[in-house]
Amino acid sequence: MCTVVFIPGNKKCFFGSLRDESPSRPKAMMPEIYINGETAFLAPTDPVAGGTWIGVTDVGNVIVLLNGGFENHEKKQHYKKSRGLIVAELLATEIPVIEWNLCDMQDVEPFTLIVWSDNNLIQLVWDGVERHRMLLDTKLPYLWSSTTLYNLHIRAKREELFQNWIVMDPPVSKLSLFNFFKSYKDAENGFIMNRNEITKTLSFSFIELNHNNDAVMSYYDFSTYTYCNKSLLLKSEMKDCLIPANLKFNTN
């Protein structure tokens, strides 16, 4: 939720997310497939608020959360609703961009969503006052850094490193992206960071979306050295027996 990557590919696209959080926060639950109505989605879960920061649905939607809007904001002591719950609610719909316009954003902390829907890449920003929607070029790679942790200079430096890596035309995979993240060694502002055990990178999520076929999510938990790899068939290929009908996801 603090570093997000999009990389286009041939008949597929890739999404990566690094989650920077307090290491004292309860460990996130490994990705699972959840059912809400007629929609199935695959996502890890934050046990504190019950939401998520990244997920993919059986209609091929991908939603990834970044903390903060266009610039850092003064944090309030209390907010009405977790941003992660908004992500979970949007994953449970087939038209997340429209549903985002209908969400009650009053007293919700600023955030950014990177959304893949209907073969479009969209950046949705709630700055605490207004909503902003930007259609992005699906042929270009992108890297975003959270404004709440990284200033403008550092965000530009991280973007430059990413674009320099992309120019070398690396074979894109969960391993190659992870190795790129590890190559920038800076405890304060590196992709995999650790600010005196107060805030550190807790996990790495990677989605490979194979159009008209399936989505594969790989998840690494750095605190417990555990790894998970799960697949979700897209709706046109999905078999009903693959997902337990009684499995629910709390978006209340």
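**Exercise 1. The largest pocket**

Which strands and which helix each supply at least two residues of the lining of the largest pocket?

*Solution.* The model is predicted. Start with the elements. Strand 2 (12-21), strand 6 (62-67) and helix 1 (83-91) each supply at least two lining residues. Strand 2 gives the most, with three residues. The largest pocket holds about 640 Å³ of space. Its lining has 30 residues, and those closest to the pocket centre are Glu21, Asn67, Lys75, Arg83 and Glu109.

**Exercise 2. Buried or exposed?**

Decide whether Thr57 and Asp137 are buried, partly exposed or exposed.

*Solution.* Take Thr57 first. Thr57 sits in strand 5 (residues 54-57). Its relative accessible area is 0%. Buried means under 20%, so Thr57 is buried. Then list its contacts beyond four places in sequence: Thr39, Ala40, Phe41, Leu91, Leu232 and Leu234.

Now take Asp137. Asp137 lies in the loop between strand 9 (131-136) and strand 10 (142-145). Its relative accessibility is 36%. Beyond four places in sequence, Asp137 is in contact with Leu121 and Tyr142.

**Exercise 3. Strand 10 and its partner**

Find which way the side chains of strand 10 point, and describe how strand 1 joins strand 10.

*Solution.* In a regular strand, side chains alternate between the two faces of the sheet. Check this along strand 10. Tyr142 and Trp144 point one way. Leu143 and Ser145 point the other way. All four are buried. Now look across. Strand 1 (residues 3-9) and strand 10 run antiparallel, joined by four bridges.

**Exercise 4. The nonpolar cores**

Which residues of the largest nonpolar core touch the most other members?

*Solution.* The largest core has 55 residues. Phe15, Phe111 and Leu113 touch the most other members. A second, separate core has 17 residues, including Ile7, Leu143, Phe180 and Tyr184. Go back to Leu113. Among its contacts beyond four places in sequence are Ile63, Val87, Trp100 and Leu124.

Methods
Residues numbered from 1 in each chain as written. Predicted model: local features only at pLDDT ≥ 70, side-chain atom pairs only at ≥ 80, totals over all residues. Heavy atoms only, no water. Core = buried A, V, L, I, M, F, W, Y, C linked by side-chain atoms within 4.5 Å. Buried < 20%, exposed > 50% of the residue type's maximum accessible area, 1.4 Å probe, protein only. Contact = heavy atoms within 4.5 Å. Pairing = 2+ DSSP bridges. 1 Å grid on protein atoms, 1.4 Å probe; cavity = no way out; pocket = protein on both sides within 12 Å on 5 of 7 lines; lining within 4 Å. Points joined across faces, edges and corners; volume = space filled by probe spheres on them.
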